[in-house]
Amino acid sequence: MRKKIVAGNWKMNLNFEEGQKLTSEIVNMFKDENLKDVIAVINPPFVHLYPAKKLIGDTPNLFLGSQNCSDKSSGAYTGEISAGMLASFGAKYVILGHSERREFFKETNELLTAKTRQALDNDLTPIFCCGEPLEIREAGTHEEYVKQQLTESLFGFSAEEMSKIVIAYEPIWAIGTGRTASSDQAQQMHAALRAHLAGKFGSDLANDISILYGGSCNPSNAKEIFSKPDVDGGLIGGASLKSRDFVEIIKSF
Ligand code: PGA
């Protein structure tokens, strides 16, 4: 059975106090609502990880992740943060290959293989992002484009390693734009990616991999998107900065 996951990506938002407030609100609502069928992950900026971990404590099904990690394990890499450090802070997940990192920080499919390797070696679950820009969608080559992202970054891993990776499909034209993909567009891509994974790793494994949708997901569209058979949850940006919205999205399952 594949897991249902809703992960919040705070991006570079919120100061220390605001981060504490948001985390506390989410923890309290999460406990009140008794949300046990869905795994929720909050992915704040690095500086929030430790205080957030304290606030989350052992709240069932609520986990901590980061938005990035280094492709190196340790050493003279000023400003970098390793997967091992993140794990030692209690992080369980790490978002890798977000389109903003690919675009603004020039992360390549090859670099993302090294980051994924670091995450796996340190028992972090990678939330591996993929997705096409608008011009590729309009040219109709979006499935090939996204499949190639997976092939180049992930197809060198063993089946056992692949089974520990979560995929997040995020069409770039839907991120932060208010223009979400339709549930049918999401389903079509997720099914194509699952078939692609099945071709390499076998259908049992592909059926067990969680594939999340991201891009302008909010409390009013999440239910429809999550109702699709190959959509196993969401990667939520803007709406994850409001505790009520984030929890409503989790409840959309
Ligand atoms: P959004 O961001 O929900 O604000 O569109 C999603 C993401 O970038 O992960």
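Guide: Let's begin with helix H9, residues 183–201: its 19 residues reach 26 Å from first C-alpha to last, close to the 27 Å expected at 1.5 Å a residue. That expected span is 1.5 Å times one less than the number of residues. Helices (H or I, at least four residues) and strands (E, at least two) are DSSP runs, numbered from the N terminus.

Before we go on, this is a predicted model: local features need pLDDT of at least 70, side-chain atom pairs count only at pLDDT 80 or more, and totals for chains, interfaces and linings use all residues. Residues are numbered from 1 along each chain as its sequence is written, and side-chain values use heavy atoms, leaving out hydrogens and water.

Back on H9, the buried residues include Met189, Leu193, Leu197 and Phe201. "Buried" means under 20% relative accessible area, "exposed" means over 50%, and "partly exposed" is in between (1.4 Å probe, protein chains only). Just past the end of H9, glycine 202 takes a positive phi of about 95°.

Now hop over to strand E2, residues 39–43. Five of its five residues are buried, so E2 is largely enclosed by the rest of the structure. Both of its faces are covered, with Ile39, Val41 and Asn43 on one side and Ala40 and Ile42 on the other.

What lies beside E2? Strand E1 (residues 5–9) pairs with E2 in the parallel sense over five bridges, and valine 6 stands opposite alanine 40. Pairing here needs at least two DSSP bridges between the strands. Strand E3 (residues 62–66) also runs parallel to E2, joined by three bridges, with phenylalanine 63 as the bridge partner of valine 41. To get from E2 to E3, the chain crosses through helix H2 (residues 49–56) in a right-handed β-α-β crossover. Right-handed means that, with the strands pointing away from you, the path from the first strand over the helix to the second runs clockwise.

Last stop: glutamine 67, in the loop between E3 and helix H3 (83–88). A polar atom of its side chain lies 2.9 Å from the backbone oxygen of asparagine 43, and one lies 3.1 Å from the backbone oxygen of lysine 11. Polar contacts are N or O pairs within 3.5 Å; within protein, one atom must be able to donate a hydrogen and the other to accept it, and residues adjacent in sequence count only if both atoms are side-chain atoms. Not counting residues up to four places away in sequence, glutamine 67 also touches others, among them Trp10, Pro44 and Arg101, where contact means heavy atoms within 4.5 Å.
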